[in-house]
Amino acid sequence: MISAKKSRNKNKIHIGSRAFDVFLVIFMLLLSIVFLYPFLNVLATSLSSNKMITMGQVTFYPREMMFEGYRMLLKDENIFGAYWNTIVIAVGTAVFSLTLTSLLAYTMMIREFVFRKPLAIFLLVTMFFSGGTVPTYLLIQNLGLYDSWWALILPNAVSAYNVFVYRSFYQGISTELREAARIDGAGELTILTRIYVPLAKALYATFGLMAVVGVWNSYYEALLYIKEPGRQPIQMLLRKIVFTQNTANMTNAQVMISNGDLNPLNVQYACIIATIGPILLVYPFIQKYFAQGMQVGAVKG
């Protein structure tokens with residue numbers, strides 16, 4: 001009798017679990033559609049004809065496919081220079097961020113370091129209070145960084161939150177490894193680069209990708225600090241095309257738009273796809289590290 005009740009209870013739990021799994025799959029599918037549709041609509045619009053766009057017939061797949069928007073975009077003399085500027089700024093920010101944050105976090109992890117607690121308090125204060133836009137602008141100008149790539153790289157080099165996450169991860173590594181390395185004569189820099197860095201690949205991949213994406217998607221700092229068109233990143237060019245409707249510097253673009261052969265959305269959405277494309281190509285190769293690294297701050301306290 002008791003075994004029969006247990007069997008019925010197990011069946012109820014099993015059925016309930018399966019029902020929840022089905023609900024979860026359906027919910028995630030609907031959520032994926034909600035997230036993917038805007039991207040697919042932008043891609044489809046960039047490849048559709050002016051007639052279909054004007055009639056509102058474009059949904060998530062191209063209608064009367066054409067590539068004129070991308071051709072006009074690639075004819076812009078500034079597009080490749082803006083790409084190069086963005087790559088330099090993004091890679092520079094990631095390298096400086098990972099290097100300086102690692103050094104600071106490792107230093108704060110060492111218990112023998114005298115200024116460990118005061119430095120932690122100082123960093124904690126910066127997480128809640130900042131100087132603001134005007135003082136930062138004046139600081140950039142007084143340091144001679146105005147209208148240079150350094151104005152976008154150095155201010156984003158160290159984040160207090162990242163330092164604490166790095167330190168938390170380093171503290172989770174066995175101290176015996178560090179002590180054994182010191183007995184063998186290794187210095188602190190050697191211990192960091194030979195022991196801690198290899199064990200923190202997921203951490204570096206995650207925060208490196210976040211640094212690159214943050215810089216890649218940002219235009220506000222470039223709008224404030226970069227006035228020379230030859231040094232501006234791709235987002236500034238995207239902003240100019242999308243928000244100010246500026247396509248005059250593209251060969252024959254205005255003529256084709258006036259004749260109805262090209263829709264302004266073709267060029268604007270093509271620029272959006274061209275901007276986010278590199279990130280979409282890089283992300284699948286770092287996804288496994290990204291999933292592991294995002295758990296670092298939640299698991300180790």
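How many helices and how many strands are there in the protein? There are 16 helices and 0 strands, where helices (H or I, at least four residues) and strands (E, at least two) are DSSP runs numbered from the N terminus. The model is predicted, so local features need pLDDT of at least 70 and side-chain atom pairs count only at pLDDT 80 or more, while totals for chains, interfaces and linings use all residues. Residues are numbered from 1 along each chain as its sequence is written, and side-chain values use heavy atoms, with hydrogens and water left out.

Of the 301 residues in the protein, 36% are buried; buried means under 20% relative accessible area, exposed over 50%, and partly exposed in between, with a 1.4 Å probe and protein chains only. Accessible areas come from the Shrake-Rupley method with a 1.4 Å probe, and for residues only the protein chains shown count as cover. Among contacts (heavy atoms within 4.5 Å) between residues at least 6 apart in sequence, 70% join residues at least 24 apart.

Aromatic side chains give 13 pairs. Rings of Phe, Tyr and Trp (its six-membered ring) pair if their centres lie within 6.5 Å; planes under 30 degrees apart count as stacked, over 60 as edge-to-face and the rest as tilted. F23 and F27 are a stacked pair, because their ring centres are 6.3 Å apart and their planes are at 20°. Both residues belong to helix 1 (residues 2-46), and they are 4 residues apart, about one turn of the helix. F23 is exposed, at 52% relative accessible area, whereas F27, at 42%, is partly exposed.

Another pair is F96 with W150, which is edge-to-face, with 5.5 Å from centre to centre and 85° between the planes. This pair links distant parts of the chain: F96 is in helix 4 (residues 79-109) and W150 is in helix 7 (residues 150-153), 54 residues apart. F96 is partly exposed at 30% relative accessibility, and W150 is partly exposed at 41%.

One aromatic cluster is formed by Y106, Y166, Y170, Y196, Y204 and F207. F207 is also in contact with N162, as is T101, when neighbours of N162 within four places in sequence are left aside. N162 sits in helix 8 (residues 160-171). Is N162 buried or exposed? Its relative accessibility is 14%, so N162 counts as buried.

On the surface, V22, I26, L30, I33, L36, Y37, L40, F60 and Y61 form a nonpolar patch with about 860 Å² of accessible area together. Patches are made of residues with over 30% relative accessible area and no salt bridge, with like charges joined within 9 Å and nonpolar side chains (Val, Leu, Ile, Met, Phe, Trp, Tyr) within 5 Å. A salt bridge is a side-chain nitrogen of Lys or Arg within 4 Å of a carboxyl oxygen of Asp or Glu. One of the patch residues, I33, is found in helix 1 and is exposed, with a relative accessible area of 53%.

The backbone has two residues to look at. Most residues other than glycine have a negative phi. E64, which is not a glycine, has a positive phi of about 55°. E64 is in the loop between helix 2 (50-55) and helix 3 (68-75), and is partly exposed at 46% relative accessible area. D147 is a residue other than glycine with a positive phi near 60°, and lies in the loop between helix 6 (133-142) and helix 7.
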